Amino acid sequence: VIKCKAAVAWEAGKPLSIEEVEVAPPKAHEVRIKIVATAVCHTDAYTLSGADPEGCFPVILGHEGAGIVESVGEGVTKVKKGDTVIPLYIPQCGECKFCKNPKTNLCQKIRITQGKGVMPDGTSRFTCKGKQIYHFMGTSTFSEYTVVADISVAKIDAAAPLDKVCLLGCGISTGYGAAVNTAKVEPGSTCAVFGLGGVGLAVIMGCKIAGASRIIGIDINKDKYAKAKEFGATECISPQDSKKPIQEVLVEMTDGGVDYSFECIGNVGVMRAALEACHKGWGVSVIVGVAAAGQEISTRPFQLVTGRTWKGTAFGGWKSVDSVPKLVTEYMSRKIKVDEFVTHTLPFDKINEAFELMHSGK
């Protein structure tokens with residue numbers, strides 16, 4: 001058993017608490033990882049807020065991490081002690097019908113136990129002050145050591161800087177993949193990206209790499225426009241600058257609508273606007289943002305009858321074990337940006353400050 005520091009969420013709506021936790025050794029087909037770097041994501045904040053119906057407490061959150069394998073359980077063959085890895089919140093077992101189907105990346109092998117905050121055998125590897133602590137998204141990267149299933153880990157280039165590539169565990173991969181895998185943006189196309197946070201910037205990057213000629217960034221926070229343009233946005237607009245609904249503004253700006261739109265916020269009203277901003281006959285709108293539990297989307301069916309397509313994406317459609325090492329390689333060869341997404345680097349015990357920076361849009 002390893003004793004180490006972790007940021008424990010004891011209950012919903014309260015700040016994270018830095019505690020000493022015990023991390024049990026990995027069982028069969030499990031891997032214990034020394035986490036070197038982790039990022040914060042709105043998904044962690046969503047669960048912490050208490051709005052997540054799957055949220056269980058007390059829990060160690062975090063799902064954008066990178067580290068070094070400390071030890072492996074019986075039967076683990078894909079990684080060994082000392083390997084550099086990224087934990088994966090969407091695993092890839094290679095055996096379920098989802099993994100065998102090229103159309104999806106949504107491996108279902110450990111979905112049920114992962115959703116309940118436990119390892120595949122139904123138990124936790126974390127304890128603190130004599131209490132069992134739940135796992136989160138199968139990763140729990142807000143701990144100096146964590147244990148994951150062996151199908152939830154990608155071995156990456158040992159030369160990669162872990163304080164940067166940890167972002168490939170969720171946000172950057174999600175946005176980039178939404179553009180290149182889910183929408184399949186084509187050269188010369190016109191795109192609209194709603195929400196210019198990390199995921200939105202990654203979508204812009206993907207659209208640019210795919211050869212889009214016009215990329216319109218949409219956000220009410222104008223402080224984000226300069227960064228969006230660095231990543232490839234050709235122009236940025238705020239929905240608050242016009243009396244007309246944003247979809248009407250976009251349709252007028254683009255002679256009938258955009259070819260591709262992306263919702264990167266998790267707001268069902270914006271999801272509707274993103275669809276309705278698409279061009280009749282061929283426009284495709286991709287939902288990337290995760291809306292709160294119980295919310296529903298709506299539009300007039302005629303929007304779809306007249307040739308628009310509504311799609312969704314999780315982790316950018318990447319089959320995780322296969323794709324994450326390739327994304328790291330793309331970063332190392334400067335095909336995709338990663339460093340530019342990092343705004344602040346803080347010590348682990350300032351993790352609550354990191355969440356405040358994220359909530360303030362900084």
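How many residues of domain 1 are in contact with residues of domain 2? Contact here means heavy atoms within 4.5 Å, and 14 residues of domain 1 meet 14 residues of domain 2 in this way.

Before going further, a word on the model: it is predicted, so local features need pLDDT of at least 70 and side-chain atom pairs count only at pLDDT 80 or more, while totals for chains, interfaces and linings use all residues. Residues are numbered from 1 along each chain as its sequence is written, and side-chain values use heavy atoms, with hydrogens and water left out.

## Two domains

The domain assignment, an automatic or database one, gives domain 1 as 2-169 + 319-352 and domain 2 as 174-314. Their centres, taken over C-alpha atoms, are separated by 29 Å. Between them the two domains bury about 1,000 Å², with 69% of it on carbon and sulfur atoms. Buried area is the accessible area (1.4 Å probe) that two parts lose on being put together, summed over both.

Helices (H or I, at least four residues) and strands (E, at least two) are DSSP runs, numbered from the N terminus. The table sets out the two spans.

| Residues | Helix | Strand | End C-alpha atoms apart |
|---|---|---|---|
| 28-156 | 13% helix | 30% strand | 22 Å |
| 198-323 | 36% helix | 16% strand | 20 Å |

Met-332 is part of helix H11. Is Met-332 buried or partly exposed? Its relative accessibility is 33%, so Met-332 counts as partly exposed; buried means under 20% relative accessible area, exposed over 50%, and partly exposed in between (1.4 Å probe, protein chains only). Leaving aside residues up to four places away in sequence, Met-332 touches Asp-157, Ala-159, Ala-160 and Pro-161.

Ile-336 sits in the loop between helix H11 (320-332) and helix H12 (351-359). With a relative accessibility of 3%, Ile-336 counts as buried. Not counting residues up to four places away in sequence, the residues that Ile-336 touches include Leu-168, Tyr-176, Met-205 and Tyr-331.

In H12, the buried residues are Ile-351, Ala-354, Phe-355 and Met-358. Seen down the axis of H12, they fall within an arc of 100 degrees, so they line one face of the helix; the arc is that of the directions from the helix axis to the C-beta atoms. An α-helix has 3.6 residues a turn, so residues three or four places apart point the same way. Strand S1 (2-9), strand S2 (17-23) and helix H1 (42-49) are among the elements that cover the buried residues of H12. After H12 comes Gly-361, with a positive phi near 80 degrees.

## The cysteines

How many disulfides are there? The count comes to zero, a disulfide being a pair of cysteine sulfur atoms within 2.5 Å. For Cys-107, the nearest cysteine sulfur belongs to Cys-93 and is 3.7 Å away. Likewise, Cys-207 is in no disulfide, and its nearest cysteine sulfur, that of Cys-191, is 3.7 Å away. Cys-107 is buried, at a relative accessible area of 6%, and Cys-207 is buried at 0%.
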